[in-house]
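Welcome, and thanks for taking a look at this one with us. Please have the sequence and the model at hand as you read the briefing below.

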Amino acid sequence: MLSGGRAGGVPEGRWGRPLDRAPVTLLSVPPGEGPSVGVFQLDSEGCLAGSRWRRVLRNHCVHGIRERPTAPHGTLAVFGGKGLVVLELCVQGQEVSLTERCQLRQLHDWIWDLQWLVGSSGTLTHVALALGHNSVALYDYASHRTLREVHCEEKCILYSAYLAGDSWDQLAVVAGTVFNQLVVWRVADGDDDEARIKPQRRISGHDGVIFSISYLKSKGILASASDDRSIRVWDIGDLHAPCDPVRCLLVCYGHQSRVWSVRLLSDCLISIGEDSACIVWNYSGEIVQSFRGHKGRSIRAVAVHEARGWVATGGADTGVRLWHMRGSEPSGNGLVQLNFSSRRRNGSPKAVKLVDASRLLVMTDAGAIYSYDSASGHWAVVLEDANYQSYCLLEVVQLATGSVLCALGNLTGHVKVFPLCCPTESEEKRLYGGKVHSLSWAACPGRDPGRPALFASGPGGVLLWLEVSCHSSGQVASVVERGCFLLPVCRHRWHTSIAFLPQGGLLVCGDRRGSLLLFAHSTALGSGAEQETKATRGDGDSGDKPGLIPFQEKGACPLQGPVSLLFGLHGKLGVTSVIYHEGYVYSTGRDGSYRQLRVQEQQLQELRKQKPCKGLEWIEQLHFAPDGSLLVLGFHANHFVVWSTRSGERLHCVPCGGGHRSWSYGRWLASEAFAYVRSGDVFVYQSRRGPSRQHVLREPLHGREWTCVRHVGTLQACGHHGVDILVTGSEDMTANVIAFNASTRSLAPLAALSDHISSVRALALARGMWQEEAASCSALLFSAGGRAEIHCYRLLLGSDGSARSGVACQVIHVASHRLDEHWDRMRNKHRVIKMDPETRYMSIAAVAGTRAPCLFLAAACSDGSVRIFLMLEPARRLLLVAESFHHQRCVLKAETFEHRVAGGRRRHFLCSAATDGSIAFWDLTATIERAAAAPEELGGEQPPLALGAPSLTVRAHGCGVNSLHVRQAGAGRYLVASGSDDGSIHVCLVAVDTGPALPGDAEPAVAGARVLLLAASSRPCAHAAHVTGLRVLRPDLLVSASVDQRLVLWRLDQGGLVFLGSRFCPVADVAELDCWGQEERGFGCVLCGQGLEIVWCTLGAGPLQPLSGRAVE
């Protein structure tokens, strides 16, 4: 969303138009977010066609939008907090504009509701305002004055209010009081403005305060949503003459937390709550639909278009979604039991396979195959073979010609292939001396699609590639061996899935042990593997003796070993699927994760591990939809689930009993089906795929508080001006990579990193040879937080004209480190004490001047320590190499800087700040050199090095240091700025002395480098609350941010800090500030907390100007 403001505070300086991203607080026509109002343009299906945002309330959040009835243009009254503004919405084709009809006005009390009223001239020039202490004001927005204000006798704080009536004399008020009551009163009952109006009715029943009120005049019912997690419907009749007594018709419990809002419709009611659920109820109190997809812990706003059946929701995750309510027609979803055992059929079902949208095959334990037509409900016998009874594998593939091939495998090593149209025309071969462990079909790119590849695994880990040829009639012409591969030695030695790569003659195989293997079609084994090959083929005394008939004849394919192996990647429960999509390999497993990999120089390289949602511990398949969204198939407890990663919701949930059974899933243009075997019968779940049930109008970012933000760099994206790349961390345990386009003023999420098991509290970047505004760049990202956990990622960023943001982002998970795992390895070896599991990393910083392959990271820890880590990217290892408990209390911040001495030698320094207000300066040079010389020794079983004593300690504050920044101010001099809990800012100038130690020095072990304090100044009460963000833009200019929601510019001179100006930030609970840019082009500032704001500040020459705001055009 866009928001506006412009200010000067440096010579000819000004705050540029900012961009805000905050929780959506209201959805109407149009929606409101933070201080801004937006317009979404939708097509007939509800898909997004365009959007426009305008900041209108400045320092207030939008609470309500009311459209003026019968207005020729869309006249909107927008209110929130104590602010009110009237806008005109004009739509001409694809052009949308929002203009102010009256400027923002401040009232003396909070506004809970607004109603347009008919004035004395018969026009709607007045509005009635329900205020926060149970009063109603008559306001003329044209003259900007309050005409009247009346008060209820029940004078108390309100949590909600509802106004009904078209004129002042007909106005009725329903107020939700702090005493958990609904109070109904009429404005006309007051004799004069000074008298207090007696309530007509008091409605009790809720056990908590009331957050929302809705009235449906046609039914004479009133609904209220409360803190007690309930929705209550009341029979109140006409609000101007309420029933006596008012009866409670319905109490609805379905939300797991507080209910924020309720809407009454003709056939149903809709509620939203803190549990991120939007629930549709009927008037019998039953849940008709439940919409879940927003991240985090709250849906804040809802709007309904009853005629189209649309429900729009806005959440604390800053996302906006459009849902489709079901009409009276059936949804098309249904679970059918086929009653396979009720008729006289040969055997019980053991395997089931879907052929297409209307046909499925069932294999029984008696060796019989039956076909079922769902359109006619007809069963037919396909094949009966006693050789395939008791144990049998069944796999089906549909060719491009439409013909269907079936493959069977049994205990004796036989494999039978036959066309479904003519089962008697089959080809059968004995491949092994023991049972066939697994069968699978695979499509081979570049080969004749009429020659599908069939893979079979047998005893000894032998994997055979068979090519099946078919006649034009669909009959099987031949089954020929094309390759023979050997799986690694393990207990469960058979494949589960195979995918061909389109180039390089390679295929990827997943096995039952959880490993991924890369095979070349013609790579022979070495001498060691050939010995095992001979034993496996039956030349030795092995009992398996597999044999492709004729197995010993001349020309048989030699066994091939893998050219790359990732052993046990998915754990001991196995790989469930492997697919190739758009240059990457994707694998799934029963470990609840799916992985993205790539192949480089015939080696498999894991890029990322992702878990789609909580509780989905068994993932079976991935489906890439035509629109680019990813569907995840898996099992949650005893339910089969289809999960959409784009919308974050369960599309289907079938109570099948779990994944330990035969099942089959199919997805076609107009329908989906899921068939499974349970309790000796076959069940089929079918779903008609109509229009999308949900549209994401705006992508969500974080579902909880934003804790940290970093600017990565600026890219020259295709078709765009410079695009800024940001990384944000949150309490929701994720980090997001975001593209910010300054020209279009839009944010686009590029990647979500969800590897943390607790909140992400700190971020650090190592940019290496980053070139600003290049077409492609790379950076190393570190994220750290709760449970003493650090993750390292390589970000590969490049221009992509097909992407909406113009940027393509590839993330590689390089390494991770957890202190509890480290101490588990070290325990009882060096008599160390096991770390506190609640240890958190409060701040991290890449050690300035260190680069790959030996990159160092400094971390400030809640257990009172400062720790140094070594990142070995080629080995993909993150090692703890040094630590110190000097502070003896929680360390809040860490910053590093580099000092160059004569001869080009570098010295590395660390600043650490703790809760006692002290800042310690450390010389890390000797520690880093020692660790870089022998990294493996320190990363093994040896205890970490000791950092020793700091070179200098400065008592900057009397309480905790929440912000810290270091900038070079000259040769050998550095400016250190810090902000504290008490709202003060401290700035000190230090110098690095690398000369010989003086005779009186107390610390001769500093190895020739001392940090000297040259000057210091402090600004008490610089902010009214904690200073959580601070950046030195240039040696004489600072910018600070605080929980008081002020962004302030300061000038640093000989007398200390001089206030230049400030601007209000709509982001509450500001957690961090980061800045970038240059003096010539201006500085960008990004703040995070309860949302995100980006502000530009440009500098020039001229007199100082006070800060001023300007609304966004």
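V178 sits in the loop that runs between β17 (172-177) and β18 (182-186). Keep in mind that this is a predicted model.

**The patch around V178**

- V178 counts as partly exposed, because its relative accessibility is 32%, which lies between the 20% and 50% limits.
- Together with I157, Y159 and F179, V178 makes up a nonpolar patch on the surface.
- The accessible area of these four residues together is about 350 Å².

**Salt bridges**

- How many salt bridges does the model have? The count comes to 35.
- One of them joins the side chains of R55 and E1093, with an N to O distance of 3.6 Å.
- R55 belongs to strand β7 (residues 48-55) and E1093 to strand β89 (residues 1091-1098), so this pair ties together parts of the chain that are 1038 residues apart in sequence.
- Buried or exposed, where do R55 and E1093 fall? Both R55 and E1093 are buried.
- E154 pairs with R202 in another salt bridge, and the closest N and O atoms are 2.6 Å apart.
- E154 lies in the loop between β15 (145-152) and β16 (158-164), while R202 is in strand β20 (residues 201-203), so the pair links parts that are 48 residues apart in sequence.
- R595 is buried, because its relative accessible area is 6%, and the limit for buried is under 20%.
- Shared partners join R55, R1063 and E1093 into one network of salt bridges.

**N282, a buried loop residue**

- N282 is in the loop between β27 (277-281) and β28 (287-292).
- N282 is buried although it lies in a loop, with a relative accessible area of 19%, and the cut-off for buried is under 20%.
- A polar atom of the N282 side chain lies 2.9 Å from the backbone nitrogen of E286.
- Which residues does N282 touch, leaving aside those up to four places away in sequence? They are L250, D267, L269 and V288.

**R1081, an exposed loop residue**

- R1081 is found in the loop between β87 (1072-1078) and β88 (1082-1089).
- R1081 is exposed, because its relative accessible area is 58% and exposed means over 50%.
- The C-alpha atoms of R1081 and W1096 are separated by 9.7 Å, and the two residues are 15 residues apart along the chain.

**Cysteines**

- How many disulfides are there in the model? The count comes to zero.
- C1097 is in no disulfide, and the nearest cysteine sulfur, that of C1085, is 6.4 Å away.
- C1097 is buried, with a relative accessible area of 1%.
- C490 is buried as well, with a relative accessible area of 19%.

Note on methods: Residues are numbered from 1 along each chain as its sequence is written. This is a predicted model: local features need pLDDT of at least 70, side-chain atom pairs count only at pLDDT 80 or more; totals for chains, interfaces and linings use all residues. Side-chain values use heavy atoms; hydrogens and water are left out. Helices (H or I, at least four residues) and strands (E, at least two) are DSSP runs, numbered from the N terminus. Buried means under 20% relative accessible area, exposed over 50%, partly exposed in between (1.4 Å probe, protein chains only). A polar contact is a pair of N or O atoms within 3.5 Å; within protein, one must be able to donate a hydrogen and the other to accept it, and residues adjacent in sequence count only if both atoms are side-chain atoms. Contact means heavy atoms within 4.5 Å. Patches are made of residues with over 30% relative accessible area and no salt bridge: like charges are joined within 9 Å, nonpolar side chains (Val, Leu, Ile, Met, Phe, Trp, Tyr) within 5 Å. Accessible areas come from the Shrake-Rupley method with a 1.4 Å probe; for residues, only the protein chains shown count as cover. A disulfide is a pair of cysteine sulfur atoms within 2.5 Å.
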